[in-house]
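Please read it alongside the sequence and the coordinates.

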Amino acid sequence: HSPRAPPAPSSSQAPPASIEVHEDDCPTFPNLSLIERAPHLTVISEMPVTVTSATASYADWPGKVIGMIVLKADESVEDDLRRLLTLQTRCHISRIESPDTIDEDSLTELAARIARSSALLPSASKLCCAAFACTSASCVIGSDRVSALIREGCKAETTTNPLLASVASCHGLSVETLGLVTPYVREVNSVMIDQFSQVGGITVTCLVSFGEDEDAKVARIDPESIYRAAVDLAAQNKGKFDALFLSCTNLRTLDIINRIEEETGLPCLSSNLCMIWHMAKLGGFALNRDFSC
């Protein structure tokens, strides 16, 4: 019901300082007193409420805590996180404004936003690891600079990104040559090839790309298309590389990796698999799957 109120003032009058509200004008809230609806409303009848104090004890999350900076357009990496993390590991996500079009210039612009997004991770949480979840931007900006920008915003004990993590995975598997499957345009592919060589001493000998520059479409590339591209690349280039790498955190790859390995007989890595594995290794926590690298 509407509260009983005096007639509305004319335009020349100031609004009333308060309006009386009667108990029967207000809805009933069990076990609660009638409350003020707004600063200018005054309750004239109250029901008694017993108020007591409680003493709180405080404790940090008993397991490990990680943080991840995820592109606005990414629709895949959080799904992989949920599947690979155990209930003992907590993950905080901070989104970063990202371009609709993927090219070298737009990826370079992300550098100015990484620290700001990192700072939005909960400052009270003791992060054992924080990651920037974009493979192509990590290549364009540079792995060392990405790590420095993450640390500008948060106090994580360790940091990683898909480029750094994939290099670590390759070294763990003694992989020296790679066959790449990417969604990127040519200029981004060229930067990635150079970065694998410069950061990890890994040679990309073969590459197949979907040539997609719209991030929203990358998340919608059918996993069967990725599977077929990887298998065909291996079949057409037998003996030319030690492992396959499926690049981009926005690709849906988790369910096809085992199939690719069975079909090709080669190790198959992906951006998300490597990054989450590297976070677990750096942070000292277990995953839902066993990784030998």
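Ser-174 is exposed, with a relative accessible area of 59%, where exposed means over 50%, buried under 20% and partly exposed in between (1.4 Å probe, protein chains only). Ser-174 is not a glycine, yet has a positive phi of about 60 degrees, and sits in the loop between helix H6 (162-172) and strand S7 (177-182); helices (H or I, at least four residues) and strands (E, at least two) are DSSP runs, numbered from the N terminus. Cys-248, also not a glycine, has a positive phi of about 120 degrees, but counts as buried at 8% relative accessibility.

## Basis of the model

This is a predicted model, in which local features need pLDDT of at least 70 and side-chain atom pairs count only at pLDDT 80 or more, whereas totals for chains, interfaces and linings use all residues. Residues are numbered from 1 along each chain as its sequence is written, and side-chain values use heavy atoms, with hydrogens and water left out.

## Aromatic pair

Phe-196 and Phe-245 form an edge-to-face aromatic pair, at 5.6 Å centre to centre and 75 degrees between the planes; rings of Phe, Tyr and Trp (its six-membered ring) pair if their centres lie within 6.5 Å, with planes under 30 degrees apart counted as stacked, over 60 as edge-to-face and the rest as tilted. Phe-196 lies in helix H7 (residues 186-200) and Phe-245 in strand S9, so the pair ties together parts that are 49 residues apart in sequence. Phe-196 is buried at a relative accessible area of 1%, and Phe-245 is buried at 0%.
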